[in-house]
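The stops below are given in the order in which they may be selected.

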Amino acid sequence: QVQLVESGGGLVQAGESLRLSCAASGSISSIAAMGWYRQAPGKQRELVARIFDVRTTYYADSVKGRFTISRNNAKSTVYLQMNSLKSEDTGVYYCNVLMGTLVGDGTYWGQGTQVTVSS
């Protein structure tokens, strides 16, 4: 069984920062990619950032230059440092991990953490 536990969401003012964390645990044999999605009210879930290894990352255009994704392989944890937050960054942020487990490969989701940016 695999579990993803997220933390770090909250309420901040525009221009401030937040750091999200997502720790994977359980019967994990390998992790191919880790990422963050977000879903704003009334909108579809969208990819924010993804990291494949230490050097290979992807960012949505809307967060480039403000957000930084990183991972700690030893802790099976992915982080999202969010700076210069804007009201449009508000939403539920979900951790997403593509990993191999004892029962096979799969994509796993965290429970979501709320980020609210007031203007």
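The tour begins with the ground rules, then turns to a disulfide and to a sheet.

This is a predicted model, in which local features need pLDDT of at least 70 and side-chain atom pairs count only at pLDDT 80 or more, while totals for chains, interfaces and linings use all residues. Residues are numbered from 1 along each chain as its sequence is written, and side-chain values use heavy atoms, with hydrogens and water left out.

**The disulfide**

Select C22 and C95, which are joined by a disulfide with an S to S distance of 2.1 Å. A disulfide here is a pair of cysteine sulfur atoms within 2.5 Å, and by this rule the count comes to one. The link of C22 and C95 is left-handed, with -80° about the S-S bond. C22 belongs to strand β3 (residues 18-26) and C95 to strand β9 (residues 91-101), so the pair ties together parts that lie 73 residues apart in sequence. Strands are DSSP runs (E, at least two residues), numbered from the N terminus.

Are C22 and C95 buried or exposed? Both are buried, that is, under 20% relative accessible area with a 1.4 Å probe, protein chains only.

**The sheet**

Next, display the open sheet of four strands, whose order is β1-β3-β8-β7 with antiparallel pairing. Its edge strands, β1 (2-7) and β7 (67-72), each pair on one side only. Two strands pair if DSSP finds at least two bridges between them.

Finally, select β1 and β3, which pair in the antiparallel sense over six bridges. At L4, the bridge partner in β3 is A24.

Note on methods: Buried < 20%, exposed > 50% of the residue type's maximum accessible area, 1.4 Å probe, protein only.
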